[in-house]
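Colleague: I am new to this structure. Please take a close look at the salt bridges, and follow them into their surroundings.

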Amino acid sequence: VILFAQVPILGLSLSVLGSVSKRLPLRPVLLLEVGTKFTGLAGGGVTTIALQVRFFQKQGLAAAVAVTSSLLNSVASGTVEVVVLTVAILTGAGSFHIPDGGAGSIASKVFLVAVVLAVLTAIAFGIPALRHRVGGLLLPQIRSAWDNLRNVLRDPRKGSLMLGGNLLSQIFYALVLWAALHMYGHDLGLMQLLIINTLASVLGGIAPVPGGIGVIEAGLIAGFTAAGVPDQAAIATTFTARLFTAYLPPIWGWLSIQWMRHRDLV
């Protein structure tokens, strides 16, 4: 469990390298991903984005590149999750009851946010002085983000790094569950574990809770029990796996951030 839990960091780092047009050194990116384990728990996605923006700025990149990098990684991660679930269903491993509900409310919230942003944008560009001020701040960032996106999409190697890195992390998160499940005398197939981990991760990403704490655990336990694992073993497996993928990593995440600060990387 301990060994498998470290490999997803490498996969996520490779994905970050693939999402940026500039060549970045692997070691600082690894430390960045370790550091996000602390920021993700301490302050959620906002502080993680702030850490990434600061890191990219120190690497000579615009702040908007961090945003496009995060979006590209999200797309790559979502693509991998869809492929994994599709393959699982086609191979007969997807015999789980997927909870229904919340999709409509989520869509309505996204639509509401889009409307508010559109109104604010119209107001900003309708006032000449404000339009020039906002344009002077945003246009350089938009150009940098577009240049990064265009260069990444032109390079097949970058796309391979993003997709391959996310797939590597997904597989080893599932192997963490496999190893933890073996500790308590039970076993599930890799595809089943990939489904359980993927659905729990999706639930954790939707919930407005830093690090998905509590929500991911509930999703994993529900997935294990739906696959036939007894309740006690499902609970023990979940918290054993999460101990080394969520509860302890913020400790060395904080140490990683301190190390990067001393070397002027963030």
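Modeller: How many salt bridges are there? The count comes to 2, where a salt bridge is a side-chain nitrogen of Lys or Arg within 4 Å of a carboxyl oxygen of Asp or Glu. Side chains of opposite charge can pair when their charged atoms come close. This is a predicted model, where local features need pLDDT of at least 70 and side-chain atom pairs count only at pLDDT 80 or more, while totals for chains, interfaces and linings use all residues. Residues are numbered from 1 along each chain as its sequence is written, and side-chain values use heavy atoms, with hydrogens and water left out.

Take Lys-58 and Asp-264. Their side chains form a salt bridge, at 2.7 Å from N to O. Lys-58 sits in helix 3 (residues 45–58) and Asp-264 in the segment after helix 11, so this pair ties together parts 206 residues apart in sequence. Helix 11 covers 249–262. Helices here are DSSP runs (H or I, at least four residues), numbered from the N terminus. Lys-58 is partly exposed, at 31% relative accessible area. Asp-264 is also partly exposed, at 47%. Buried means under 20% relative accessible area, exposed over 50%, and partly exposed in between, with a 1.4 Å probe and protein chains only. The backbone of Asp-264 deserves a look. Its phi is positive, about 55°, although Asp-264 is not a glycine.

Now the other pair. Arg-242 bridges to Glu-217, with the closest N and O atoms 3.1 Å apart. Arg-242 belongs to helix 10 and Glu-217 to helix 9, so the pair ties together parts 25 residues apart in sequence. Both Arg-242 and Glu-217 are buried.

Stay with helix 9. Helix 9 (residues 215–226) has 12 residues and reaches 16 Å from first C-alpha to last. That is close to the 16 Å expected at 1.5 Å a residue, the expected span being 1.5 Å times one less than the number of residues. Which of its residues are buried? They are Ile-216, Glu-217, Gly-219, Leu-220, Gly-223 and Phe-224. These residues lie on the same side of helix 9, because they cover an arc of only 165° around the axis. The arc is that of the directions from the helix axis to the C-beta atoms. What do the buried residues of helix 9 pack against? Their partners are helix 7, helix 8 (190–206) and helix 10 (231–247). Contact here means heavy atoms within 4.5 Å. Just after helix 9, Gly-228 has a positive phi of about 100°.

This brings in the nonpolar core. Such a core is a set of buried Ala, Val, Leu, Ile, Met, Phe, Trp, Tyr and Cys residues joined through side-chain atoms within 4.5 Å. The largest one has 21 residues, and Leu-220 and Phe-224 are among those with the most contacts inside it. Helix 4 (63–90), helix 7, helix 8, helix 9 and helix 10 each supply at least two of its residues. Helix 7 gives the most, with 5 residues. Leu-188 touches several residues beyond four places away in sequence, including Trp-178, Ile-196, Phe-224 and Val-229. A second, separate core has 19 residues, among them Val-16, Val-20, Leu-31 and Phe-55.
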